[in-house]
Amino acid sequence: MKKVNTHLLVMVGSAALLMSSCATQSNRAISTPVVESAHSDYQGIKQPIVVTGFVNASNYQSGLFSSDEDHMGNQAKTILKSHLQQTNHFKVMDREDLARMKAEAELLGQTQNISGARYTISGSVTEFGRKETSDHQFFGILGSGKQQIAYANVTLIVSDVLTSEVVYSIQGAGEYQLSTREIAGFGGSAGYDSTLNGKVLNFAITEAVNKLVKSLDKNGWAK
């Protein structure tokens, strides 16, 4: 019995050593979507603009058990500021943390010289949803498939601070889907992919910013 146990221990130890020696690590860079005008040679005036807010106005995450914090709105606001800066058409003013910025300026022995902005931009997620669909070919014998679909629609509103006039109103929408198929026991299977939420939100905001820039290039700013 002791010999058997010894052999078992040797086998288990060898297997563990083999598995650990086969462990590999890998990494790769993933390209992130940018607005169409990000690499354009824009020579016009860069208009100062402030992102005043972004809210989730959809029914998603607004149920009885949702938290008071608007996670989607905060995420969308960060994405919007990034894309606006990428367009090279704006001077994006950050009003999020003025107190800390002031403290840093004082540490430098400098006085802040904060610029004002003629225009503000706000946004809202007007529609957001997810759904899963599945199919079975010949009662599942020939395979089954599953789709996860996320959809988002956002609205951006640009206002003149001097007149309170809404000078631009733009919408952007997008859809992301993940598909898997299994045939005769072979193929991929995927669980719930929460990253689709951020991807489709980013895509919809990108579409809205692209439309805004095209409108500005064609019509300019209201005087």
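Student: How many helices and strands does the chain have?

Tutor: This is a predicted model. Its secondary structure comprises 4 helices and 6 strands. Followed along the sequence, these elements give the pattern α-β-α-β-α-β-β-β-β-α.

Student: What share of the residues is buried?

Tutor: A residue counts as buried under 20% relative accessible area. Of the 223 residues in the chain, 32% are buried. The accessible surface of the chain comes to about 15000 Å², and carbon and sulfur atoms account for 55% of that surface.

Student: Which residues form a nonpolar patch on the surface?

Tutor: The patch consists of Leu98, Met101 and Ile114, which together have about 230 Å² of accessible area. Met101 lies in helix α3, which covers residues 98-107.

Student: Why does Met101 count as partly exposed?

Tutor: Partly exposed residues fall between the buried limit of 20% and the exposed limit of 50%. Met101 is placed in this class because its relative accessibility is 35%.

Student: What span should helix α4 have?

Tutor: The expected span is 1.5 Å times one less than the number of residues. Helix α4 has 25 residues, 195-219, so it should span 36 Å. Its end C-alpha atoms are 36 Å apart, in agreement with that value. Just after α4, Gly220 adopts a positive phi of about 75°.

Key
Residues numbered from 1 in each chain as written. Predicted model: local features only at pLDDT ≥ 70, side-chain atom pairs only at ≥ 80, totals over all residues. Heavy atoms only, no water. Patch = residues over 30% accessible without salt bridge, like charges linked within 9 Å, V, L, I, M, F, W, Y side chains within 5 Å. Areas by Shrake-Rupley, 256 points an atom, 1.4 Å probe, with all protein chains shown as cover. Salt bridge = Lys/Arg side-chain N within 4 Å of Asp/Glu carboxyl O. Helix = DSSP H or I, 4+ residues; strand = E, 2+ residues; numbered from the N terminus. Buried < 20%, exposed > 50% of the residue type's maximum accessible area, 1.4 Å probe, protein only.
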